[in-house]
Amino acid sequence: MNISLSTVEKIISIIKEQVGYDFSQYHKESIVRRLERVIEEYNLKHPDELLTKMTNNPVFTLNVIDIISITTTEWFRDPCTWKEFVKVIIPDLAKKEKFNIWHIACSTGQEAYSLYFLLDIFDLVDRANIIATDMNSNAIFRAREGVYYLYIEKDFFKNIYEISDYIGKDIFNTYYYIDEKESIFGVKKEYLNKIKFYKHNILTDPLPENSSFDVIFCRNLLIYLNTECQNLLIYKLYRILKEKCFLFLGYHETLLGPVSDLFDKVSYFYRKKEIK
Ligand SMILES: C[S@@+](CC[C@H](N)C(=O)[O-])C[C@H]1O[C@@H](n2cnc3c(N)ncnc32)[C@H](O)[C@@H]1O
């Protein structure tokens, strides 16, 4: 079913009016693909039906937002980058008495727990203050629960074994339980509630108070935003990152143009330059 650009724009303005989220800066093609999914999922006959349903039912609009925000994630996503994290960033954190880490767009929590386990293995967890945020409230709810479906997490074992081999520690048996009967696995109870997960829209909500961070994860969000919005976001993150500290983007995300001058590229990471 074809969704016209004018319908997409109307949907974006309904969302802005009802919820305050501004999707006008996201790539339209990916929004269209997600809206097609909404139409299919709810058996709607025409995009106009979607417009009417959203106009009359703000709770339905929240479901649409959940579907528009693509929450695909993985444990130790792109393991090669996590190996470099161990080599480059862990030794840097080990020199600090206390440090702050922010996972922006953490989705259902896999990335934030991956980090927590590494810090635990390297005996750094007591020095860490970790927050993890996402604009999708369902994702945050699931992140707090720390329970996942085995059939969805196809790369789960592959990545866990790769990182376990690399650091010489059986991550799976230490941190997870598995329930084959229910086809789920989860983070062991004692490792829940260590990360502060909460709902936050990085484009529109105020930044955490007095915030300055030693590492900011912002992986696989920039790809959905237009260049202007990407740059504004990077400037925002630059301001709350401490000097010589790290911004960890997605494997396929690169800083281009003037914002790239603010950082040195160190392995897969962007390190904020010293201000002279
Ligand atoms: C593809 S997932 C990436 C998850 C994880 N960072 C990773 O790399 O595996 C993108 C996430 O960005 C979130 N997101 C999109 N726009 C956002 C915004 N303005 N503020 C906060 N989170 C946002 C979505 O809800 C989704 O969970």
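Trainee: Let's start with Glu274: buried or exposed?
Mentor: Glu274 is exposed: there are 8 other C-beta atoms within 10 Å, and the cut-off for exposed is 12 or fewer. Keep in mind that this is a predicted model.

Trainee: Where is Glu274 found?
Mentor: Glu274 sits in the segment that follows β10, and β10 covers 269-272.

Trainee: Which residues does Glu274 touch?
Mentor: Leaving out residues up to four places away in sequence, Glu274 touches Glu243 and Lys244.

Trainee: And how far apart are Glu274 and Asp264 in space?
Mentor: They are 9.6 Å apart, C-alpha to C-alpha, with a separation of 10 residues in sequence.

Trainee: Okay, what about β9 and β10, what do they form?
Mentor: β9 and β10 make a hairpin with two residues between them. The strands pair in the antiparallel sense over four bridges, and Val266 has Phe269 as its bridge partner in β10. In the turn, Ser267 has a positive phi of about 50 degrees.

Trainee: What does β10 have on the β8 side?
Mentor: β8 and β10 are joined by two bridges and run antiparallel. Leu247 stands opposite Tyr270 of β10.

Trainee: Zooming out, what is the order of strands in the open sheet of seven?
Mentor: The order is β6-β2-β1-β7-β8-β10-β9, and the pairing is mixed. The edge strands are β6 (196-199) and β9 (263-266), each pairing on one side only. From one strand to the next, the twist averages 20 degrees.

Trainee: Which way do β1 and β2 run?
Mentor: They run parallel, with six bridges joining β1 to β2 (residues 128-134). Phe99, for example, has Ala128 as its bridge partner in β2. On to the next pair: β2 and β6 also pair in the parallel sense, over four bridges, and there Ile131 stands opposite Lys196 in β6.

Trainee: How many residues of β1 are buried?
Mentor: Five of the six residues of β1 (residues 99-104) are buried, so this strand is largely enclosed by the rest of the structure.

Trainee: Which helix lies across β7, β8 and β10?
Mentor: That's α10, residues 227-240. Helix α10 runs at about 135 degrees to β8.

Trainee: Switching topic, how do the strands pair in the sheet of three?
Mentor: The pairing there is antiparallel, in an open sheet with the order β3-β5-β4. β3 (147-149) and β4 (176-179) are at the edges with a single partner strand each, so one side of each has no neighbour in the sheet. Neighbouring strands are turned by 25 degrees against each other on average, ignoring direction.

Trainee: How many bridges join β3 to β5?
Mentor: Three bridges join β3 to β5, residues 184-187. Tyr149 has Ile184 as its bridge partner in β5.

Trainee: Now the ligand. Which residues come nearest?
Mentor: Of the 22 residues around the ligand, Ser69, Thr73, Ala105, Ser107 and Arg219 come nearest. The residues of the shell divide into eight nonpolar, nine polar and five charged.

Trainee: One last thing: how far apart are the end C-alpha atoms of helix α2?
Mentor: They are 20 Å apart, which agrees with the 20 Å that the 14 residues of α2 (residues 28-41) should span at 1.5 Å a residue. Just after α2, Asn43 takes a positive phi of about 55 degrees.

Definitions and conventions: Residues are numbered from 1 along each chain as its sequence is written. This is a predicted model: local features need pLDDT of at least 70, side-chain atom pairs count only at pLDDT 80 or more; totals for chains, interfaces and linings use all residues. Two strands pair if DSSP finds at least two bridges between them. Axes are lines fitted to C-alpha atoms, for helices over the stretch in contact, and angles run from 0 to 180 degrees between N-to-C directions. The expected span of a helix is 1.5 Å times one less than its number of residues. A residue is buried if 20 or more other C-beta atoms lie within 10 Å of its own, exposed if 12 or fewer, and partly exposed in between; C-beta atoms are placed from the backbone. Two residues are in contact if their C-beta atoms, placed from the backbone, lie within 7 Å. A residue is near a molecule or strand if its C-beta atom, placed from the backbone, lies within 6 Å of it. Ala, Val, Leu, Ile, Met, Phe, Trp, Tyr, Cys and Pro count as nonpolar, Asp, Glu, Lys and Arg as charged, and the others, Gly among them, as polar.
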